[in-house]
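Subject: Structure handover

Hello,

Here is the structure I promised to pass on. Please open it alongside this message. My notes follow below.

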Amino acid sequence: MNNSLSTLELLSNKLLINIFRYLNTVDIFQSFYNLNFRFNTIIQSLDNHHLTISGNHHKINFNSFSHYIHSLTITGEIDINLYYFKNIRHLILHFPSTKLLEQLNYNILPHLEYLSIPDILFGMSPIYQKIFSSTFPNLKSCNLYGFETIETILTWTQTASLRILKIGLIDYHVYKSILHACPNLYYFKLKMFQSYLKLSNIYEHFNLKKLEIHSDINDWYYNDQLIDIFLQCVPNLEQLSIDRIISVSKIVELIPDYNWLASIISLHLSSLQYFNFCLHLEYHYEVLQFLSTEIRRLLRQLFFNAHQNHYQSRFIIK
């Protein structure tokens with residue numbers, strides 16, 4: 001009988017690294033760090049240490065290993081000093097406190113590449129001011145999709161690093177300011193709201209390739225006018241997604257002569273390769289039967305006829 005003992009230290013470095021990838025970062029450092037030089041070297045070599053801090057973790061002392069964390073998620077109004085997390089590349093904040101948001105600056109987070117604050121928050125003008133400026137010179141991706149409507153534009157300068165942006169309700173004026181502040185933006189996802197202000201001159205952005213517009217505006221023809229203005233700004237767009245809403249009772253009025261943005265696309269987007277159109281239907285239960293299979297089929301047929309295979313297109317009814 002073989003009575004030899006198997007120990008964790010007998011495993012190869014590759015196997016240990018694979019095991020550590022399945023463990024919580026707190027457990028890795030509390031259980032294995034400072035056991036010996038070899039374990040320290042392996043743990044320090046990992047470049048994907050992620051830490052999630054919630055109400056259950058706020059009493060843990062993170063200072064001993066915080067400088068090894070590259071990805072940090074904080075949930076709730078927890079009093080954390082981000083100064084100890086200077087090597088953070090990815091930061092996700094769910095319902096953060098004002099005190100925590102005040103720490104978002106270059107001196108504390110000099111390597112920040114991805115920032116996500118996805119929940120609905122208010123009074124966020126200081127955050128916009130930091131994002132649309134040179135505060136974070138390494139920031140490549142930013143998700144502020146759940147934020148309040150942006151109505152006030154302060155002194156926004158340019159942030160050349162930002163490539164991906166998801167943001168809440170904006171009108172054309174803010175849209176134009178964002179394009180101007182982010183000259184290298186590649187992908188832009190936004191919610192569009194109805195504005196009755198007089199539209200100003202068109203600003204063209206030549207680097208944007210992917211645009212996703214969500215709109216809850218029920219006035220389709222006014223909505224089309226806004227989309228027209230938005231698309232005039234991005235002549236080199238290759239992928240476009242439109243997500244909009246309509247009442248079932250208005251579908252019959254829509255069907256006969258609507259061309260599903262085909263003329264607008266033809267006029268402004270000569271480089272378009274992919275077009276996705278998602279139609280959300282508003283209805284009461286008693287009129288649900290109105291939307292028959294035949295009407296769904298007709299809508300799809302009219303949509304694809306309008307775009308005539310000039311680019312790959314997709315039509316979704318929800």
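Helix α2 passes α3 in a left-handed crossing. Keep in mind that this is a predicted model.

First, the rest of that helix pair. α2 covers residues 25-32 and α3 covers residues 37-45. Their axes come within 11 Å and cross at roughly 160°. Because of that angle, α2 counts as roughly antiparallel to α3; the cut-off for this is over 145 degrees. On the α2 side, the contact is made by Ile28, Phe29 and Phe32. Facing them in α3 are Phe39, Asn40 and Ile43. By class, this contact has five nonpolar residues, one polar and no charged.

Next, α1 against α3. Helix α1 spans residues 13-20, and the axes of α1 and α3 come within 10 Å. The crossing angle here is roughly 55°. That makes α1 oblique to α3. The hand of this crossing is right-handed. From α1, Asn13, Leu16, Ile17 and Phe20 take part. They meet Arg38, Phe39, Ile42 and Ile43 in α3. The residues of this contact divide into six nonpolar, one polar and one charged.

Now the pocket. Where does the largest pocket take its lining from? From the Glu77 position, the list goes on to Pro96, Ser97, Thr98, Leu101 and Glu102. Phe122, Gly123, Met124, Pro126, Ile127 and Lys130 complete the lining. The space in this pocket is about 170 Å³.

Which helices each supply at least two residues of that lining? They are α4 (98-101) and α5 (125-131). The largest share, three residues, comes from α5. Sorted by class, the lining has six nonpolar, three polar and three charged residues.

That is the handover. Send any questions back to me.

Best wishes

Conventions: Residues numbered from 1 in each chain as written. Predicted model: local features only at pLDDT ≥ 70, side-chain atom pairs only at ≥ 80, totals over all residues. Heavy atoms only, no water. 1 Å grid on protein atoms, 1.4 Å probe; cavity = no way out; pocket = protein on both sides within 12 Å on 5 of 7 lines; lining within 4 Å. Points joined across faces, edges and corners; volume = space filled by probe spheres on them. Helix = DSSP H or I, 4+ residues; strand = E, 2+ residues; numbered from the N terminus. Nonpolar A, V, L, I, M, F, W, Y, C, P; charged D, E, K, R; others polar. Axes fitted to C-alpha atoms, helices over the stretch in contact; angles between N-to-C directions. Parallel < 35°, antiparallel > 145°, perpendicular 65-115°, else oblique. Left-handed = near helix turned anticlockwise from the far one by under 90°. Contact = heavy atoms within 4.5 Å.
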